[in-house]
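Here is a short briefing for someone meeting this structure for the first time. Please look over the sequence and the model, then read on by topic.

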Amino acid sequence: MAKGYWVSVYPAISDPEGLTAYDKLAGPAVQAGGGRVLSLLPSRGGRVVAHEAGITQRVVLIEFDSFEQAVAAYESEAYQKALVALPDGVKRDFRIIEGID
C-alpha cells in the first residue's frame, strides 16, 4: 500500500506567534492520526538549499501509512480545530499526496 504525505510550504509568515499556537494543536492531532514528521525546516535546524523560486521559508513533510490515513487525519476533528488556530498572517501551500510503492 502506498504511503500518504502531507506537504506544506509556507511562502510567508507574518504571525510567528500565531503559527506556534497552531503547531501546539496540530502536532498532537497529526500524531493521533498516525502521522510522522519527516521534515520541519528550517525551524528544527535542518539545512535548506533553495533553487528556482529561492524560497527558504518553512517546509513540513509528514508521512502516513496510507493516503487514506493522511486524508482522514486532515479531516479529523482534532486537526480541524488546529486549522481554526492557523492565523491569517500565514500563507501556506498545503497538499496531500500519495506516495509511490
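A residue counts as buried under 20% relative accessible area, as exposed over 50%, and as partly exposed in between. This is a predicted model. The points below cover its sheet, its core, its aromatic rings and a few single residues.

**The sheet**

- Four strands make an open sheet in the order β2-β3-β1-β4, and the pairing is antiparallel.
- β2 (36-41) and β4 (90-98) are the edge strands, each pairing on one side only.
- On average, neighbouring strands of this sheet are turned by 15 degrees against each other, direction ignored.
- β1 and β3 run antiparallel and are joined by six bridges.
- Within that pairing, Val9 has Val59 of β3 as its bridge partner.
- Gly4 stands opposite Phe64, which is also in β3.
- β1 and β4 run antiparallel too, and eight bridges join them.
- On this side, Val9 stands opposite Asp93 in β4.
- Helix α2 lies across β1, β3 and β4. It runs at about 145 degrees to β4.

**The nonpolar core**

- The largest nonpolar core has 17 residues.
- Which members touch the most other members? They are Trp6, Tyr10, Leu19, Tyr22, Ile62, Phe64 and Tyr79.
- Two or more residues come from each of β1 (4-13), α1 (16-32), β3 (59-64), α2 (67-75) and α3 (77-85).
- α1 gives the most to this core, with five residues.
- Tyr10 has contacts beyond its neighbours within four places in sequence. These are Leu19, Tyr22, Gln57, Arg58, Val60, Val90, Lys91 and Arg92.

**Aromatic rings**

- The count of aromatic pairs comes to seven.
- Are the two partners buried or exposed? Trp6 has a relative accessible area of 3%, so Trp6 is buried. Tyr74 has 25% relative accessibility, so Tyr74 counts as partly exposed.
- Trp6 and Tyr74 also belong to one aromatic cluster, together with Tyr22, Phe64, Tyr79 and Phe94.

- Arg58 lies in the loop between β2 and β3.
- Is Arg58 buried or exposed? Its relative accessible area is 10%, so Arg58 is buried.
- Arg58 lies over the face of Tyr10, at 4.8 Å from the ring centre.
- Arg58 and Leu41 are 17 residues apart along the chain, while their C-alpha atoms are separated by 5.3 Å.

**Ser39 in β2**

- Ser39 has its place in strand β2.
- The relative accessible area of Ser39 is 17%, so Ser39 is buried.
- Leaving aside neighbours within four places in sequence, Ser39 is in contact with Val59, Val60 and Leu61.

- Arg47 lies in the loop between β2 and β3.
- With a relative accessible area of 80%, Arg47 is over the 50% limit and therefore exposed.
- From Arg47 to Tyr79 the distance in space is 28 Å, C-alpha to C-alpha. In sequence the two are 32 residues apart.
- Glu52 is found in the loop between β2 and β3.
- Glu52 has 80% relative accessibility, so Glu52 counts as exposed.
- What is phi of Glu52 near? It is near 55 degrees, a positive value in a residue other than glycine.

Methods: Residues are numbered from 1 along each chain as its sequence is written. This is a predicted model: local features need pLDDT of at least 70, side-chain atom pairs count only at pLDDT 80 or more; totals for chains, interfaces and linings use all residues. Side-chain values use heavy atoms; hydrogens and water are left out. A nonpolar core is a set of buried Ala, Val, Leu, Ile, Met, Phe, Trp, Tyr and Cys residues joined through side-chain atoms within 4.5 Å. Buried means under 20% relative accessible area, exposed over 50%, partly exposed in between (1.4 Å probe, protein chains only). Contact means heavy atoms within 4.5 Å. Two strands pair if DSSP finds at least two bridges between them. Axes are lines fitted to C-alpha atoms, for helices over the stretch in contact, and angles run from 0 to 180 degrees between N-to-C directions. Rings of Phe, Tyr and Trp (its six-membered ring) pair if their centres lie within 6.5 Å; planes under 30 degrees apart count as stacked, over 60 as edge-to-face and the rest as tilted. A charge sits over a ring if NZ of Lys or CZ of Arg is within 6 Å of the ring centre and within 35 degrees of the ring normal.
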